[in-house]
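Please keep the sequence and the model in view while reading.

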Amino acid sequence: MAKKSLMELVTSKAMLSPLCVGTKMTTEQLAGKNIIITDADLVSYTEQDKVVEFVVLTVCDENKKQLGYYQGGKALTEIFADVLADEDYTKEMRNDGVKIRLVPKRTQNGNNFTAVEV
C-alpha cells in the first residue's frame, strides 16, 4: 500500500469523516433549496462523558453535482442512521440520491428550528 502524502495524512486526521471534503455547507446556504444527498456517514465522539452523534452528508444539486458537505442535526441523523443500517437503502441512496429540502421554521414559542422535507 502506498504511503500517504503528508497533506493527505494531516487532512484525514483533521476531519471527523472522510465525507468532509470540499465546502462545508451551512443551513443558511441550503435553506429552501432542493438538494440531493448521495452519501452519509454517522459520526460520534465523547465530550464531557456524553456521546455526541451527528450525520455528515454529501450534498449535491439537482444534477448530482457535488456542492460540499453538511453536518446534520437530530432529524437528519435519525433519518440517515436508518438508511445506513440497511444495505439496500444505502445502495439506493448512493446510486439515486435522496432529495430533501431544509426549511427554516419557528416553534409556537418563537424558537428557530430547521424542518426536513423529503
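Predicted model: local features only at pLDDT ≥ 70, side-chain atom pairs only at ≥ 80, totals over all residues.

K64 is placed in the loop between β2 and β3 (66-72). The phi of K64 is near 65 degrees, a positive value in a residue other than glycine. Most residues other than glycine have a negative phi. With a relative accessible area of 39%, K64 counts as partly exposed, because that value lies between the limits of 20% for buried and 50% for exposed.

A positive phi occurs at D49 as well, at about 65 degrees, although D49 is not a glycine. Its place is in the loop between β1 and β2 (50-60). D49 has a relative accessibility of 80% and therefore counts as exposed.

**Overall layout**

The protein chain contains four helices and five strands. Read from the N terminus, its elements follow the order α-α-β-β-β-α-α-β-β. Along the principal axes, the C-alpha atoms fill a box of roughly 55 × 40 × 30 Å. Of the 118 residues in the protein chain, 28% are buried.

**Salt bridges**

How many salt bridges does a search of the whole structure find? The search finds two. The table sets out both pairs.

| Pair | N to O distance | Location |
|---|---|---|
| K74 and E78 | 2.9 Å | K74 and E78 in helix α3 (residues 74-84) |

R94 counts as partly exposed at 44% relative accessibility, whereas D39 counts as buried at 18%. The value for D39 is under 20%, which means that D39 falls in the buried class.

The side chains of K74 and E78 form the other pair. K74 and E78 are four residues apart, about one turn of helix α3. An α-helix has 3.6 residues a turn, so residues three or four places apart point the same way. K74 is exposed, at 66% relative accessibility, and E78 is partly exposed, at 45%.

**Helix α4 and its ends**

At the start of α4, a side-chain oxygen of D86 comes to within 2.8 Å of the backbone nitrogen of D88. Which residues gather in a patch of negative charge on the surface? They are E87, D88, E92 and D96. Of these, E87 has its place in helix α4 and is exposed, with a relative accessible area of 71%. Just after α4, G97 takes a positive phi of about 85 degrees.

Is V83 buried or exposed? V83, which is found in helix α3, has a relative accessibility of 14% and so counts as buried. V83 and R106 are 23 residues apart in sequence. In space, the distance from V83 to R106 is 27 Å, C-alpha to C-alpha.

Definitions and conventions. Residues numbered from 1 in each chain as written. Heavy atoms only, no water. Salt bridge = Lys/Arg side-chain N within 4 Å of Asp/Glu carboxyl O. Buried < 20%, exposed > 50% of the residue type's maximum accessible area, 1.4 Å probe, protein only. Helix = DSSP H or I, 4+ residues; strand = E, 2+ residues; numbered from the N terminus. Patch = residues over 30% accessible without salt bridge, like charges linked within 9 Å, V, L, I, M, F, W, Y side chains within 5 Å. Areas by Shrake-Rupley, 256 points an atom, 1.4 Å probe, with all protein chains shown as cover. Lys, Arg positive; Asp, Glu negative; His and termini not counted. Charge placed at Lys NZ, Arg CZ, Asp CG, Glu CD. Polar contact = N/O pair within 3.5 Å; in protein donor to acceptor, adjacent residues only side chain to side chain.
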